[in-house]
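Hi,

Here is the structure I promised to pass on. Have a look at it first, and then read my notes below.

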Amino acid sequence: MTKAARKILIVEDEPKIASLLKDYLETRGAFETRVEARGDTAMEAFKKFGPDLVLLDLMLPGMDGMEVCKKLRSVSTVPIIMVTARVEEIDRLLGLELGADDYICKPFSPREVVARVKAVLRRSGPGVSAQRPKALHMDEEKFKATLNGNDLLLTPVEFALLRTLSAQEGRVFSRDQLMNEMYPDYRVVSDRAVDTHIKNLRKKISDTSGSEDMIKSVYGLGYRYEG
Ligand code: CA
C-alpha cells in the first residue's frame, strides 16, 4: 500500500536555499513540496496546496514570516517551522508566542532540516493534516495543560474541570458532578459558578487553538467534552 506523500510548503525568497530545501525534502524525505517566494501570497499557496507542514522563512518580501505565522495560526493548526537568519532572533520569536512548532537557524544543513521536519511531523501524530484533531495534554504533576503544543494557562478549578471532562470524552457530566470535582471539600456553590468557569475555559481553549470550543453544552443536563 502506498501512502500519499506528505506535503511541505516552503516559504523562502532566496532561490538557492529554496531549491536546496526542495531537493532534499523530495529526495531524502520523499515529501511533496511547493515553494512560495513571497510572504503576502503564502496564505493563498497554503490554501491551494494544503500542506502537512510549513517551513517559513522570517524575512520575506510582501509580508514577514511573523505575520504569515499569525495568519496561518488563525486558520490552522498545521505544524510550522520558522527559519531565521540569526540565532538571537529565536528568543525574541519564542517570546512573541507565534505558535510555531520549531525554529531553525541559517545557515543550516539540509540534512538537519529534513530531520527536524520529520520530528515535528512525528510529534504532531500520524495522518497529520491541517484539520487534524486537537491534541490536549494534561500533566497533573506539573499542573500544566497544553493544546496543540501551546500552553493553556488554567486556574486550578479550570484545570480540574478540563481534566474531568476530557478523561471521559463524550460522557455528559451534570453541573453537580462537575462541582464535586472542582470543589472536593463539598463547598456549597451555585450552579452558575460551573457555567462561569466553563465559559472562561472555553475562551482560553479557543484563544489557544483558534478553533471551536471542545466543551459542548448538553441542554438540561450539563456538559461534555469532544476533543
Ligand atoms: Ca529571506
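To start, which residue is the bridge partner of Leu9 in E3? In E3, Leu9 is partnered by Val54.

Before the rest, some ground rules. This is a predicted model, in which local features need pLDDT of at least 70 and side-chain atom pairs count only at pLDDT 80 or more, while totals for chains, interfaces and linings use all residues. Residues are numbered from 1 along each chain as its sequence is written, and side-chain values use heavy atoms, with hydrogens and water left out. Helices (H or I, at least four residues) and strands (E, at least two) are DSSP runs, numbered from the N terminus.

**Around E3**

Strand E1 (residues 7-11) and E3 run parallel and are joined by four bridges; two strands count as paired if DSSP finds at least two bridges between them. E3 also pairs with strand E4 (residues 80-84), again in the parallel sense and over four bridges.

E3 is mostly covered, with five of its five residues buried (buried is under 20% relative accessible area, exposed is over 50%, partly exposed is in between, with a 1.4 Å probe and protein chains only). Leu53, Leu55 and Asp57 point one way from the strand, Val54 and Leu56 point the other way, and all are buried.

Asp57 lies in E3, which spans residues 53-57. Because its relative accessibility is 3%, Asp57 counts as buried. Across in E4, Val83 stands opposite Asp57. Val83 is also one of the residues that Asp57 touches, along with Val11, Glu12, Asp13, Gly65 and Lys106, if you skip residues up to four places away in sequence; contact means heavy atoms within 4.5 Å. With Lys106 there is a side-chain to side-chain polar contact at 3.1 Å. For that term, I take a pair of N or O atoms within 3.5 Å; within protein, one must be able to donate a hydrogen and the other to accept it, and residues adjacent in sequence count only if both atoms are side-chain atoms.

Which protein atoms are donors of the calcium ion? They are Asp13 (OD), Asp57 (OD) and Met59 (O), lying 2.1 to 2.3 Å from the ion. Donors are N, O and S atoms within 2.8 Å of the metal (3.2 Å for Na, K and Ca), and since water is not among the atoms, sites may look incomplete. The sequence spacing of the donor residues is D-x43-D-x1-M. Is Met59 buried or exposed? Met59 is exposed, because its relative accessible area is 61%.

**Gly39**

Gly39 sits in the loop between strand E2 (32-36) and helix H2 (42-49). At a relative accessible area of 2%, Gly39 is buried. Gly39 and Asp13 are 26 residues apart in sequence, and their C-alpha atoms are 8.6 Å apart in space. Leaving aside neighbours within four places in sequence, Gly39 is in contact with Leu60, Pro61, Met63 and Val68.

(Axes are lines fitted to C-alpha atoms, for helices over the stretch in contact, and angles run from 0 to 180 degrees between N-to-C directions.) Strand E7 (residues 144-147) runs antiparallel to E8, with three bridges joining them, and Ala145 has Leu152 in E8 as its bridge partner.

E9 and strand E11 (residues 222-225) are joined by two bridges, and Phe173 stands opposite Tyr223 in E11.

Cheers
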